[in-house]
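I opened this model to go through its fold, its helix and its charged pairs. My entries follow in the order I looked things up.

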Amino acid sequence: MSGISTTEATPHPYVGMWVTADNRIRQELLANGRYDEARGQRDSAYTGRYEVTGDHIDYWDDTGFTADGRFEGDVLHHGGYLFYREGSAAHQRAAGTRGFSGSSS
């Protein structure tokens with residue numbers, strides 16, 4: 001089955017928070033097939049729906065543009081950025097190599 005179903009008992013494995021190494025961009029993939037992306041201090045800068053097929057993700061923003069990306073474990077390649085599953089070893093390594101503490105405060 002492709003995509004995200006709101007009737008699934010178990011959330012898709014990619015559901016959750018994905019962040020850049022510096023935590024400036026934070027994208028939450030919700031279990032209901034929606035996403036909410038914050039940029040800097042701007043909450044909900046982008047919102048829309050998404051669908052995951054295998055390791056590929058397609059986005060349909062509420063303003064009408066589309067985008068896609070690809071997952072490699074705990075790393076998401078999307079829009080020229082690398083996002084990391086928040087708190088994962090990949091995120092900690094990326095934050096450490098860039099001199100960031102990994103906190104958003």
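Predicted model: local features only at pLDDT ≥ 70, side-chain atom pairs only at ≥ 80, totals over all residues.

Entry 1: I began with strand 7 and strand 8, which form a hairpin with two residues between them. In the turn, Gly-79 has a positive phi of about 60°. Four bridges join strand 7 to strand 8, and the two run antiparallel. I found His-77 opposite Leu-82 in strand 8. Two strands pair if DSSP finds at least two bridges between them.

**Entry 2: ground rules.** Residues are numbered from 1 along each chain as its sequence is written, and side-chain values use heavy atoms, with hydrogens and water left out.

Entry 3: Which order do the strands follow as they close into a barrel? I read 1-2-3-4-5-6-7-8, eight strands with antiparallel pairing. From one strand to the next, the twist averages 30°. Axes here are lines fitted to C-alpha atoms, for helices over the stretch in contact, and angles run from 0 to 180 degrees between N-to-C directions. Strand 1 and strand 8 run antiparallel and are joined by two bridges. Val-19 stands opposite Tyr-84 of strand 8.

I also checked strand 2 (residues 25-29) against strand 3 (residues 34-39). They pair in the antiparallel sense over five bridges. Arg-26 has Ala-38 in strand 3 as its bridge partner. In general, strands of a sheet pair through backbone hydrogen bonds, either parallel or antiparallel.

**Entry 4: whole chain.** I counted one helix and eight strands in the protein chain. Along the sequence the pattern is β-β-β-β-β-β-β-β-α. Of its 105 residues, 35% count as buried. Buried means under 20% relative accessible area, exposed over 50%, and partly exposed in between (1.4 Å probe, protein chains only). The chain exposes about 6000 Å², and carbon and sulfur atoms supply 47% of it. These areas come from the Shrake-Rupley method with a 1.4 Å probe; for residues, only the protein chains shown count as cover. I then looked at contacts (heavy atoms within 4.5 Å). Among those between residues at least 6 apart in sequence, 36% join residues at least 24 apart.

**Entry 5: the helix.** Where does helix 1 (residues 89-97) lie? I saw it across strand 1 (16-19), strand 7 (75-78) and strand 8 (81-85). The helix runs at about 130° to strand 8. Its buried residues are Ala-90, His-91, Ala-94 and Ala-95.

**Entry 6: salt bridges.** My criterion was a side-chain nitrogen of Lys or Arg within 4 Å of a carboxyl oxygen of Asp or Glu. The whole structure gave five salt bridges. I logged some of them.

- Arg-85 and Asp-74 meet at 2.8 Å, N to O. The pair links distant parts of the chain, eleven residues apart: Arg-85 sits in strand 8, Asp-74 in the loop between strand 6 (66-72) and strand 7. Arg-85 is partly exposed at 22% relative accessibility, and Asp-74 is partly exposed at 29%.
- Arg-39 pairs with Glu-37, the closest N and O atoms being 2.7 Å apart. Is Glu-37 buried or exposed? Glu-37 counts as buried, at 3% relative accessibility. Arg-39 is partly exposed at 28%.
- Glu-72 pairs with Arg-70, with the closest N and O atoms 2.1 Å apart. Glu-72 is partly exposed at 44%, and so is Arg-70 at 37%.

**Entry 7: Glu-28.** I located Glu-28 in strand 2. Glu-28 is partly exposed, with a relative accessible area of 33%. Leaving out residues up to four places away in sequence, Glu-28 touches Gly-16, Met-17, Arg-34, Tyr-35 and Asp-36. Trp-18 is ten residues from Glu-28 in sequence and 6.1 Å away in space, C-alpha to C-alpha.
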